[in-house]
Amino acid sequence: MVAVRRAIAPLLLAGALLLTGCSDDAPAAPAPGPSTPSAPVTSSPSPSSTSVAPPATPTTSATPAAGKVVVLDPGHNGGNAAHPAEINRPVPAGRGQTKPCNTTGTSTDAGYPEHAFTFDVAQRVGKSLSDKGIRVVYTRQNDSGVGPCVDRRAAIGNEADADAVVSIHADGSTTAGANGFHVAYSSPPLNAAQGEPSTKLAQVVRDTMRTSGFSTSNYIGGNGLSARSDLAGLNLSTRPAVLVECGNMRNAAEAARMTSADGRQQYASAIAAAIEAYLAS
Ligand code: ZN
């Protein structure tokens, strides 16, 4: 019995750790195995598509950003919790560090999971951008898989030669009154893209979300921005990249907004507008 207890305890501990907040998870992570669907799928309009008109059609609402490439990275995945060994596997996190392949993310007090929120918001952002002629690549194609790992997520953005990479997350702080969004960027920068381009992207996302009615975080970063050296997806990116923590899922008001489709569309509209503004600048 003792032996059994010893065997189970670490698993319970690992599970408990995985279910804590999302603040140390980053975008990225390679697929746990060769059979995992990790190939990025390009939404319309695809360059290889023969049935979709090119984005320059004058009848569309194409913007100066048309034709550019955006990688959207919805944090976590619905199958992560059931595959602790796969998502706990250490992977490169940049700056000589390693991190778990992926984490489960957080949830609202009522149990609405972060992975579902991020997936839905990313889909909504992607649709808005695609409608403007922007090519959208997602780091995961559904909300029922495992991973991909954080380093793989970063690689997807790099391989797509993305003009902008936006990871979408929500936090899970239990600090009383903690609320608001913040935008994380890699600092100190490890390459040119992590310098001015990424900080500019972070500022544009912050400014646009603020003018869209979202409040900046009252508990992380400063003025809606957070310089981070520990987020693998940002560290490993060679493209302009940021991570948006949309809000605190443990805050009742923000949880209500995140749980509703209308609320998620508000987040998505603000993020999409920010990406467009950045690409057009
Ligand atoms: Zn997260």
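1. Strand 7 (residues 182-186) and strand 9 (residues 241-248) pair in the antiparallel sense over 3 bridges, two strands being taken as paired if DSSP finds at least two bridges between them. Within this pairing, histidine 182 has glutamate 245 of strand 9 as its bridge partner. The model is a predicted one, in which local features need pLDDT of at least 70 and side-chain atom pairs count only at pLDDT 80 or more, whereas totals for chains, interfaces and linings use all residues. Residues are numbered from 1 along each chain as its sequence is written, and side-chain values use heavy atoms, with hydrogens and water left out.

2. Strand 9 also pairs with strand 6 (residues 164-171), and here the two run parallel, joined by 6 bridges; valine 165 has alanine 241 of strand 9 as its bridge partner. Strands here are DSSP runs of E with at least two residues, and helices are runs of H or I with at least four residues, both numbered from the N terminus. Strand 9 is mostly covered, with 8 of its 8 residues buried, where buried means under 20% relative accessible area, exposed means over 50%, and partly exposed lies in between (1.4 Å probe, protein chains only).

3. The largest nonpolar core has 41 residues, and Phe117, Val125, Met209 and Ile275 are those with the most contacts inside it; such a core is a set of buried Ala, Val, Leu, Ile, Met, Phe, Trp, Tyr and Cys residues joined through side-chain atoms within 4.5 Å. The elements that give two or more residues to this core include helix 3 (114-131), helix 5 (196-211), strand 6, strand 7 and strand 9, while helix 8 (261-280) gives the most, with 9 residues. Apart from this core lies another, of 12 residues, among them Ala160, Ala162, Val165 and Ala241.

4. Which residues does phenylalanine 117 touch, not counting those up to four places away in sequence? They are Tyr112, His169, Ala170, Cys246, Met249, Met258, Arg264 and Tyr267, contact being defined as heavy atoms within 4.5 Å. One of these, cysteine 246, counts as buried, at 1% relative accessibility.

5. Helix 7 (residues 252-259) has Glu254, Ala255 and Met258 as its buried residues. Seen down the helix axis, these buried residues fall within an arc of 105°, so they line one face of helix 7, the arc being that of the directions from the helix axis to the C-beta atoms. They pack against helix 3, strand 6, strand 9 and helix 8, whereas Ala252 and Ala253, on the other side of helix 7, are exposed. The N-terminal end of helix 7 is capped by asparagine 251, a side-chain oxygen of which lies 3.1 Å from the backbone nitrogen of alanine 253.

6. The structure holds 1 disulfide, a disulfide being a pair of cysteine sulfur atoms within 2.5 Å, and the bond joins cysteine 101 to cysteine 149 with an S to S distance of 2.0 Å. Cysteine 101 lies in the loop between strand 4 and helix 3 and cysteine 149 in the loop between strand 5 and helix 4, so the pair ties together parts that are 48 residues apart in sequence. The torsion about the S-S bond is about -90°, so the disulfide is left-handed. Cysteine 101 counts as buried at 0% relative accessibility, and cysteine 149 counts as buried at 0% relative accessibility.

7. Helix 4 (residues 150-159) is mostly covered, with 8 of its 10 residues buried, including Val150, Asp151 and Arg152. Just after helix 4, aspartate 161 takes a positive phi of about 55°.

Note on methods: A polar contact is a pair of N or O atoms within 3.5 Å; within protein, one must be able to donate a hydrogen and the other to accept it, and residues adjacent in sequence count only if both atoms are side-chain atoms.
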